[in-house]
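Please look over the sequence and the model below. The paragraphs after them go through selected features one at a time.

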Amino acid sequence: MKRRLYISILFWMLACSLNAQHYLGMSGMIHVPTADMDTAGVARVGAHYIPKTMMPDRMTVDGEKFNSLTNYLSLTPFRWMQVTYGYTLWKMHQDKDPKKGVGFYSKDRYFSLKLQLLPEGKWWPSVAVGGNDVWGSSDGGVSGSNYYRNYFVAVSKHLDLNGHNIGAHVTYRRWKRDFNHKWDGVVGGVTYSPAFYKPLRVMCEWDGNEVNIGADCRLFKYVLIQCALIDMRYFNAGLCLYLNLL
């Protein structure tokens, strides 16, 4: 109980963005992509702590999953396009020798892409398509990894109530690897930004397997922070520089 209390206190201390910091560097919620986009010209450079419950089941060392860290560079060259290069640190034995020590001696690299097909209007939602790990080796390639490969169609709509912004997000997502199929299907969630502090956004989502809660905020104009509880209990957090290049 004390541990959960400390995590909850830390969660609300950090929750102090115009868009969430997706753990792969893409705009979205926590573990769920949305149709929301960054402003044209925005770049993100950051890192995200990933609890082992979010890691693909095949990314293991000695048969056990592990907590890790992602790093990424994200660009929104146009209002309707966002591209990201990132990687997840992979824990393994040094030189892949079982007799040597274990550490983060490898990376799983990937590219992500999102295209907004329809911007949000007064009477209709925004619509976007995209995917993570969209380019790289296939099953017959050298690595054949594609641990993060998934494709999605997302719909988002926001409602303004006396300055309070409420967003509804529904996404259909399909993962390539069988061991990630627990996150397949219809996912989504709700976001809320209070009228008294616009940079703050709190959210609750269903990622296909867990219910996650989180919050994010842009601080000092250039710093974007997000923290969350995965499955309502596993701490997850990220920090990035949010730069407008135009």
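**Hairpins, buried residues and a surface patch**

Strand 13 and strand 14 make a hairpin with four residues between them, and Gly 208 in the turn has a positive phi of about 100°. Strands, like helices, are DSSP runs numbered from the N terminus (strands: E, at least two residues; helices: H or I, at least four). The model is predicted, so local features need pLDDT of at least 70 and side-chain atom pairs count only at pLDDT 80 or more, while totals for chains, interfaces and linings use all residues. Residues are numbered from 1 along each chain as its sequence is written, and side-chain values use heavy atoms, with hydrogens and water left out.

Strand 14 covers residues 211-219 and runs antiparallel to strand 13, joined to it by seven bridges. Two strands count as paired if DSSP finds at least two bridges between them. Within strand 14, Cys 217 stands opposite Leu 200. Strand 13 (residues 200-206) also pairs in the antiparallel sense with strand 12 (residues 185-193), over five bridges. Here Cys 204 in strand 13 is the bridge partner of Val 190. Strand 12 and strand 13 form a hairpin too, with six residues between them.

For the protein chain, the count is one helix and 16 strands. Of its 246 residues, 48% are buried; buried means under 20% relative accessible area, exposed over 50%, and partly exposed in between (1.4 Å probe, protein chains only). Cys 217 counts as buried because its relative accessibility is 0%. Cys 240 is buried as well, because its value is 2%. A disulfide is a covalent bond between the sulfur atoms of two cysteines. It is assigned to a pair of cysteine sulfur atoms within 2.5 Å, and by this rule the count is zero.

Gln 226 lies in strand 15 (residues 223-230). With 1% relative accessibility, Gln 226 counts as buried. Its side chain reaches the backbone oxygen of Met 29 at 3.2 Å.

Which residues form the nonpolar patch on the surface? They are Val 45, Leu 73, Leu 75, Tyr 222, Leu 241, Leu 243 and Leu 245, with about 600 Å² of accessible area together. A patch is made of residues with over 30% relative accessible area and no salt bridge; like charges are joined within 9 Å, and nonpolar side chains (Val, Leu, Ile, Met, Phe, Trp, Tyr) within 5 Å. A salt bridge is a side-chain nitrogen of Lys or Arg within 4 Å of a carboxyl oxygen of Asp or Glu. Strand 6 (68-78) and strand 16 (234-244) each supply at least two residues of the patch.

Notes. Accessible areas come from the Shrake-Rupley method with a 1.4 Å probe; for residues, only the protein chains shown count as cover. A polar contact is a pair of N or O atoms within 3.5 Å; within protein, one must be able to donate a hydrogen and the other to accept it, and residues adjacent in sequence count only if both atoms are side-chain atoms.
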